[in-house]
Amino acid sequence: MSETGGRAEQTEARPMRARRALLRRLADVVSLPASRINVFERSVVGDLLVDVLRTASTEERRRVAERLAPLGELPDALKRLLLRDEPEVARPLLEECAALSDADLIGCARDAGLEHRLLMAARRGLSEVVTEALFNWAEEAVIAAVLRNDTARLPQSAVESVIALSRNAPVLCALILRRPELRPSGAYVMFWWCGADERRIILQRFAVSREVMQSSVEDVFALAAEEGWSDPVARKALQFIERRQRNRAAVARSPYADLEAAVATAGAGGLTRELVAEIGYLSGIKPLTSAKIMGDAGGEPLAILCKATGLARRDLAALWRAMRRPETTADGAEHPDWRRVQTIYEMLAVDRAQTVLRYWNWSLSSALTPTLLRAIREGEEALIDEYSAPERAALLALAENFGR
């Protein structure tokens, strides 16, 4: 190497060493405690550090980010620059920096990319406004990461958006089921598209008793009867709470002696549209709910219907045959679907089965209006906040039945 060439390299190297030293010193000054530097001085130093960082290498920027991550206070310009940098640079701040506000995180989620949102999703203590902002992109990987983050807090609007997305993203079903923010109304509607394991979890965790409600409003039934059940709002709520499931008035109008007789007819000759509707009427549910139950591929809703209405195991078997579902495999062993449905029937208490069945009936039929039916047909999930809880359940659960 010539002497001239060596001097040139040294000339280039000296400024780079000086710049690296300057980066370290400026980062050290920004990191000084409040007793050594006031907020205005820190801001000025931060502006200077931002200017130097713009031409620094990725590795140098990453080192500065790591140096600043433990701080509880950072100049705004410095935060904005580093948060929108390469994911490896932004990572230390996104994962652990306490100086970031919700506004900082939401701004980063908006301006940066998927990798930044994934890093943010794993951050401890995410607030409701940040998780809701992260969910706005409907990115399955980001949503799954937030759901796995036990320290993140979810608003109900975010929970409902996950429920809607889970219909076409099965991985989200198991994740949302473990969240403490999920309520029975959401779990009941998810039931229709969840797998067998998730359905069992829903019934074990969310099939709640109505005993407290029943004891609290016991005298209200007499008041409603005195008024001739003229108040539709009170009537609908009390129908949900009452202990009796079967519709006694329907028996008087039915061509069958009772629900068991209708089920026996179905078991002998198969289901027809009229028979499905009649079983629904006798069970105290609407034909639409009955059809949804009989058409379910998994079969668990049938076990719930039978347990809620007091039907015996032989009636469950009769309806299973009426639905043309197999009881045995090709080698003569008990079919796993049939075994699973029997297990669900045995594990559920009558009162809890009634709670699930009545919520389905409430949401799948009583909540339906012409406007809601049009929303279901036209796919207006984007307007889901405009509807009540049972209407939202119907909007989601019946979408497939209307060809969407």
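Trp229 lies in the loop between helix H15 (218-226) and helix H16; helices here are DSSP runs of H or I with at least four residues, strands are runs of E with at least two, and both are numbered from the N terminus. This is a predicted model: local features need pLDDT of at least 70, side-chain atom pairs count only at pLDDT 80 or more, and totals for chains, interfaces and linings use all residues. Residues are numbered from 1 along each chain as its sequence is written, and side-chain values use heavy atoms, with hydrogens and water left out. The protein has 26 helices and zero strands.

**Positive phi**

- Trp229 is not a glycine, yet its phi is positive, near 55 degrees.
- Trp229 is partly exposed, at 33% relative accessible area. Buried means under 20%, exposed means over 50%, and partly exposed is in between (1.4 Å probe, protein chains only).
- Ala138, also in a loop, sits between helix H8 (128-135) and helix H9 (140-148).
- Its phi is positive too, about 55 degrees, although Ala138 is not a glycine.
- Ala138 has a relative accessible area of 44%, which makes it partly exposed.

**Largest pocket**

- The volume of the largest pocket is about 720 Å³.
- The search runs on a 1 Å grid over the protein atoms alone; a pocket is an open set of points where a 1.4 Å probe fits, with protein on both sides within 12 Å along at least five of seven lines. Points are joined across faces, edges and corners, and the volume is the space filled by probe spheres set on them.
- The lining has 24 residues, and Gln239, Glu242, Asn247, Gly284 and Asn361 are the closest to the pocket centre. A lining residue has an atom within 4 Å of a point.
- Helix H16 (232-241), helix H17 (248-253) and helix H24 (350-366) each give at least two lining residues.
- H16 supplies the largest share of the lining, six residues.
- By class, the lining holds nine nonpolar, six polar and nine charged residues. Ala, Val, Leu, Ile, Met, Phe, Trp, Tyr, Cys and Pro count as nonpolar, Asp, Glu, Lys and Arg as charged, and the others, Gly among them, as polar.

**Arg117**

- Arg117 belongs to helix H7 (residues 114-121).
- Arg117 is buried, with a relative accessible area of 6%.
- Beyond its neighbours within four places in sequence, Arg117 contacts Ala109, Ala112, Leu134, Trp137, Glu139 and Val142. Contact means heavy atoms within 4.5 Å.
- Arg117 and Ile143 are 26 residues apart in sequence, and their C-alpha atoms are 9.6 Å apart.

**Helix H4**

- Leu78, Lys79, Leu82 and Leu83 are buried in helix H4 (residues 76-83).
- These residues lie on the same side of H4, because they cover an arc of only 115 degrees around the axis. The arc is that of the directions from the helix axis to the C-beta atoms.

**Cysteines**

- The whole structure has zero disulfides; a disulfide is a pair of cysteine sulfur atoms within 2.5 Å.
- The closest cysteine sulfur to that of Cys194 is in Cys173, 3.8 Å away and so too far for a bond.
- Cys194 is buried, at 7% relative accessible area.
- Cys306 is buried, with 0% relative accessibility.

**Overall packing**

- Of the 404 residues in the protein, 47% are buried.
- Among contacts between residues at least 6 apart in sequence, 64% join residues at least 24 apart.
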